[in-house]
Amino acid sequence: MVLTGSFCEQPPLGLIKSIEMAGCYVVDDDFQLCQSWLLDDVPAGGNPLEELSKAFLHRSAQTASKYDDRKEDKGRHLLHQVKTRGAEGVIFAAASFCDPALLERPMLQEILARHKIPYTAFKFAENTGQMAPIREQAGTFADSIKLWSAA
Amino acid sequence: MSTVTAKKQVVKEDAMLLQKELINRNYHEVATAHNEGRKISATFVPGNLNELLMCFDFARRLPETDALQNGMRKKSGKMIMDAERDGHSEDVCTYVKTDLGMMLQGEVGPTGEPMPHPDILLLSYTGCFTFMKWFELVRQKYDCPTVMLHVPYQGDGRINPAMRRYVVDQLKQKVIPALESVSGVKFDIDRLREYMKESVKAEEDLVAVLQTAKQRPSPIDGYFGAVYYIGPIFTAFRGVPEATRYYQVLKEEVFERMRSGKGPVTPEGELAEEKYRLVVEGPPNWTSFRDFWKMFYDEGAVVVASTYSKVGGVYDFGFRHDPEHPLESLADYCLGCYTNLNFPQRIDMICRYMDEYQADGLLINSIKSCNSFSAGQLLILREVEKRTGKPAAFIESDLVDPRYFSGANIKNRLESYFQMIKQKRSSSENVHRH
């Protein structure tokens, strides 16, 4: 699975473990987005501030935390993550009241549906302690993928 | 005797009726625009570049106004639920969901006329992140061109020349060419100057009206009444002669009340006695707007100033559109929007209102789904209390989601707040007496 939507707040460790225990192995995510946002090295030769600005503006991943100037770019990075990691589905896990992730979600879901990539979604809070519903949802999601693949 | 209970007559000022007429007329213009060969723009209230859009003959849609109008007409609840069924989270801005729900329900506007697709989305970004995602969502549905005007946040609490230049450059290099290309109309800066001359007149009169609340008793309610007063200038009418006339009528009406020592007009008539003077921070609830207002006027509480009545432009500290420097002035307008101010600026503004309008306290109406207003409001509350020594209170509701308006809880909270003000006032009188 690719786990997405958690860029602004790392989910509790128990939540990530619960997802994996339910049969969804997380092969990519957007935790600590700042570590992976830039898609290539920032050239060291030029004006550092200018090069950094250009890198963030033009060579950074499309995520919910930024504006996509072109409609065609929406979801490109997520699709790339799914393809290159061999993921079989996407789990949207956004922090409650995280406007960027929650507003982005329906647009990404539409794109995933178009590409026939299964997905599921839930929200979490930093003090989420009850993992049973999440484990159940992730487990059902994993089962449904197995069923679809077998069909 | 008839079994049908007669509907209570709602009292409205002449200016309120005129405002309604203007807003309805705009909906009709939007509904018929495509048939008449006109293009339609959509943009947001804070940082709306109405004068610029008029230079290209656009009929002008404002999605937040559509949502609040649907809220006041009790239509938003179903729209929000439809949007949630379509995959939108219950946590996000309910204006967005009302807008998207309206599309899902067949694109009929609040007045019952068709709401055609916009031909361009002018994404003027003034401190509310949701705006960006809102128009991305609309673009995904309508596939219409979007032009973004990025307005830098006033992080340092001031507008510096580089910020102004940055916005002006975008206007020249991106926004104006995009508007020209979609509308097919060539930009004429003199036309922009002419609209701005009208804007200034309306802005002067609006400020004069809002500042009458410094009088005792206040002849207006600076929140519940003011949301009617700001309607034309914050939407599709800033810069048109009808808006100038509207503000002249309003000013005459309010000044007359002020001269006669009258209080504000409420839906149940004139307020007889002003007991509490409040400053309010945050937008109102629209779905139970009258019930909410009644909780104030029943107790003799008048809002003398509010931050929400500045959401589409902060004019009371001196800013006016400047026809001599039209693009720079559009930049300053956007940069100076309330949602683009940092917290120290917002706190200073509220403290200034508390002082200049002789308020008894601050009330914060925190909107569940509006992060651009709600984030940091508790910090604002504590700081204003510390600086002014006046009591502050905090209530919670929502913009247009009727599920989040709990009348009984809000009423209880308000009543105990008014008691607290009374108590504080009498203990302070006792101190002065001894």
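**Close-up views of a predicted two-chain model**

**View 1. The nonpolar core around Val90(A).** In this predicted model, the largest nonpolar core holds 158 residues, of which Val90(A) and Val279(B) touch the most other members. When residues up to four places away in sequence are not counted, the residues that Val90(A) touches are Met1(A), Val2(A), Thr4(A), Leu78(A), Val82(A), Leu112(A), Ile117(A) and Tyr119(A). Two of these, Leu78(A) and Val82(A), are also among the buried residues of helix H4 of chain A, the subject of the next view.

**View 2. Helix H4 of chain A and its two faces.** Helix H4 of chain A covers residues 76-85, and within this helix His77(A), Leu78(A), Gln81(A) and Val82(A) are buried. Looking down the axis of H4(A), one finds these buried residues within an arc of 140°, so they line one face of the helix. The elements that cover them include strand E1 (2-4), strand E2 (28-29), strand E3 (90-95) and helix H5 (99-114), which belong to chain A. On the face turned away from the buried side, H4(A) carries the exposed residues Lys83(A) and Thr84(A). Just after the helix comes Gly86(A), which takes a positive phi of about 65°.

**View 3. Chain A as a whole.** Chain A has 6 helices and 4 strands, and read from the N terminus its elements follow the order β-α-β-α-α-α-β-α-β-α. Its radius of gyration is 16 Å, close to the 15 Å that the globule rule gives for 151 residues, so chain A is as compact as a globular protein of that length. Taken along the principal axes, the box filled by the C-alpha atoms of chain A is roughly 50 × 35 × 25 Å. Of the 151 residues in this chain, 33% count as buried, and among the contacts in chain A with a separation of 6 or more, 73% are between residues 24 or more positions apart.

**View 4. The contact between chain B and chain A.** Where the two chains meet, 18 residues of chain B are in contact with 16 residues of chain A. On the chain B side, the largest share comes from helix H6 (residues 129-142) of chain B, which supplies 8 residues. Sorted by class, the side of chain B that touches chain A has 7 nonpolar, 6 polar and 5 charged residues.

**View 5. Chain B as a whole.** Chain B has 16 helices and 10 strands. The radius of gyration of chain B is 21 Å, close to the 22 Å given by the globule rule for 434 residues, so this chain is as compact as a globular protein of that length. The C-alpha trace of chain B spans about 75 × 60 × 40 Å along its principal axes, and 50% of the 434 residues in the chain are buried. Of the contacts in chain B with a separation of 6 or more, 77% are accounted for by residues 24 or more positions apart.

**View 6. Helix H8 of chain B and its packing partners.** Helix H8 of chain B, residues 189-211, has 23 residues that at 1.5 Å a residue should span 33 Å, and its end C-alpha atoms are 32 Å apart, which agrees. The buried residues of H8(B) include Leu192(B), Tyr195(B), Met196(B), Ala202(B), Leu206(B) and Val209(B), and among them are also Glu198(B), Glu203(B) and Asp205(B). The buried residues of this helix pack against helix H2 (50-54), helix H9 (226-229), helix H10 (241-259) and H12 of chain B.

View 7. Leaving aside neighbours within four places in sequence, Pro326(B) is in contact with Ile189(B), Leu192(B), Arg193(B) and Met196(B). Pro326(B) and Tyr195(B) are 131 residues apart in sequence, whereas their C-alpha atoms are 9.9 Å apart in space.

**View 8. Glu396(B) in strand E10.** Glu396(B) lies in strand E10 (residues 392-397) of chain B and is partly exposed, with 19 other C-beta atoms within 10 Å. Apart from its neighbours within four places in sequence, Glu396(B) is in contact with Ser366(B) and Lys368(B). A distance of 7.6 Å separates the C-alpha atoms of Glu396(B) and Ile410(B), which are 14 residues apart along the chain.

Key
Residues are numbered from 1 along each chain as its sequence is written. Chains are lettered from A and ligands numbered from 1 in the order in which they are written. This is a predicted model: local features need pLDDT of at least 70, side-chain atom pairs count only at pLDDT 80 or more; totals for chains, interfaces and linings use all residues. Two residues are in contact if their C-beta atoms, placed from the backbone, lie within 7 Å. Ala, Val, Leu, Ile, Met, Phe, Trp, Tyr, Cys and Pro count as nonpolar, Asp, Glu, Lys and Arg as charged, and the others, Gly among them, as polar. A residue is buried if 20 or more other C-beta atoms lie within 10 Å of its own, exposed if 12 or fewer, and partly exposed in between; C-beta atoms are placed from the backbone. The arc is that of the directions from the helix axis to the C-beta atoms. A nonpolar core is a set of buried Ala, Val, Leu, Ile, Met, Phe, Trp, Tyr and Cys residues joined through C-beta atoms within 7 Å. The expected span of a helix is 1.5 Å times one less than its number of residues. The radius of gyration is taken over C-alpha atoms; the globule rule is 2.2 Å times the number of residues to the power 0.38.
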